[in-house]
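This report describes the fold, core, pockets and selected side-chain features of one protein model.

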Amino acid sequence: MTFRAAGLALTLLALVASAPRAQNATPDPVSFQSQVFPVFEAGKCAGCHSPSGVASATRLHFPEKNATPAQIQAFGLSLSALVDRADASRSLLLTKPTNVTRHTGGVRIKPGSPEERVLAQWVSSLAAASDATLAAAIK
């Protein structure tokens with residue numbers, strides 16, 4: 001390779017590296033157990049959303065404290081019932097803890113926060129998952 005060709009290659013590489021990412025680029029995958037579940041724990045969601053909590057009549061019940069990683073992952077996938085697959089941004093799983101949709105527990109996850117972004121990624125992944133994938137993973 002000549003010096004001129006090497007210089008051109010380095011220039012192109014620099015341009016590609018500095019180019020802004022596409023708006024619709026696929027977000028990095030998010031891990032429910034290591035990224036999303038801790039957001040819910042920090043918001044103390046399980047305190048109310050448990051069999052004996054004040055939100056026990058709702059559809060959302062968190063796993064027991066001694067839940068296995070598999071049970072926590074299955075719980076994360078079961079949250080697809082709270083996801084609007086046509087418009088993930090309108091999902092109760094996202095709008096309730098941020099109090100965009102009235103939530104008796106108030107704001108548990110601050111709108112615009114990094115925690116909300118992690119949750120939004122999870123909600124989007126659930127919205128995009130096929131029924132077969134969700135059903136197989138929850139079993």
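The account below begins with the overall architecture and then turns to individual sites.

**Architecture and core**

The model is predicted. The protein chain contains six helices and zero strands, so that the order of elements from the N terminus reads α-α-α-α-α-α. Of its 139 residues, 31% count as buried.

The largest nonpolar core comprises 28 residues, and those with the most contacts inside it are Phe32, Phe40, Leu79 and Leu93. The elements that supply two or more residues to this core are H2, H3, H4 and helix H5 (114-128). The greatest contribution comes from H5, with six residues.

**Pockets**

| Pocket | Volume | Lining residues | Nearest the centre |
|---|---|---|---|
| Largest pocket | about 460 Å³ | 20 residues | His49, Ala55, Thr58, Lys96 and His103 |
| Second largest pocket | about 290 Å³ | 15 residues | Phe37, Ala46, Pro63, Glu64 and Lys65 |

By class, the lining of the largest pocket consists of 10 nonpolar, six polar and four charged residues. Lys96 is one of the residues that lie nearest the centre of this pocket. For the second largest pocket, the lining has nine nonpolar, two polar and four charged residues. Helix H2 (residues 32-42) gives the most to the lining of the second largest pocket, with three residues.

**Salt bridge**

Side chains of opposite charge can pair when their charged atoms come close. The structure holds one salt bridge, in which the side chains of Arg85 and Asp131 meet with an N to O distance of 2.4 Å. This pair links distant parts of the chain, 46 residues apart. Arg85 belongs to the loop between helix H3 (69-78) and helix H4 (92-95), whereas Asp131 is in helix H6 (residues 131-138).

**Cysteines**

Why is Cys48 too far from the closest cysteine sulfur for a bond? The closest cysteine sulfur, in Cys45, is 8.5 Å from that of Cys48, whereas a disulfide requires a pair of sulfur atoms within 2.5 Å. The structure accordingly holds zero disulfides, and Cys45 is in none, with the sulfur of Cys48 as its nearest cysteine sulfur. Cys45 counts as buried, at 9% relative accessibility, whereas Cys48 is partly exposed, with a relative accessible area of 32%.

**Backbone at two loop positions**

Which value does phi take at Lys44, a residue other than glycine? Phi of Lys44 is near 60°, a positive value. This residue sits in the loop between H2 and H3, and Lys44 is exposed, with a relative accessible area of 61%. A positive phi is also found at Asn99, where the angle is near 65° in a residue other than glycine. Asn99 lies in the loop between H4 and H5. At 31% relative accessibility, Asn99 counts as partly exposed.

Key:
Residues numbered from 1 in each chain as written. Predicted model: local features only at pLDDT ≥ 70, side-chain atom pairs only at ≥ 80, totals over all residues. Heavy atoms only, no water. 1 Å grid on protein atoms, 1.4 Å probe; cavity = no way out; pocket = protein on both sides within 12 Å on 5 of 7 lines; lining within 4 Å. Points joined across faces, edges and corners; volume = space filled by probe spheres on them. Nonpolar A, V, L, I, M, F, W, Y, C, P; charged D, E, K, R; others polar. Helix = DSSP H or I, 4+ residues; strand = E, 2+ residues; numbered from the N terminus. Salt bridge = Lys/Arg side-chain N within 4 Å of Asp/Glu carboxyl O. Buried < 20%, exposed > 50% of the residue type's maximum accessible area, 1.4 Å probe, protein only. Core = buried A, V, L, I, M, F, W, Y, C linked by side-chain atoms within 4.5 Å.
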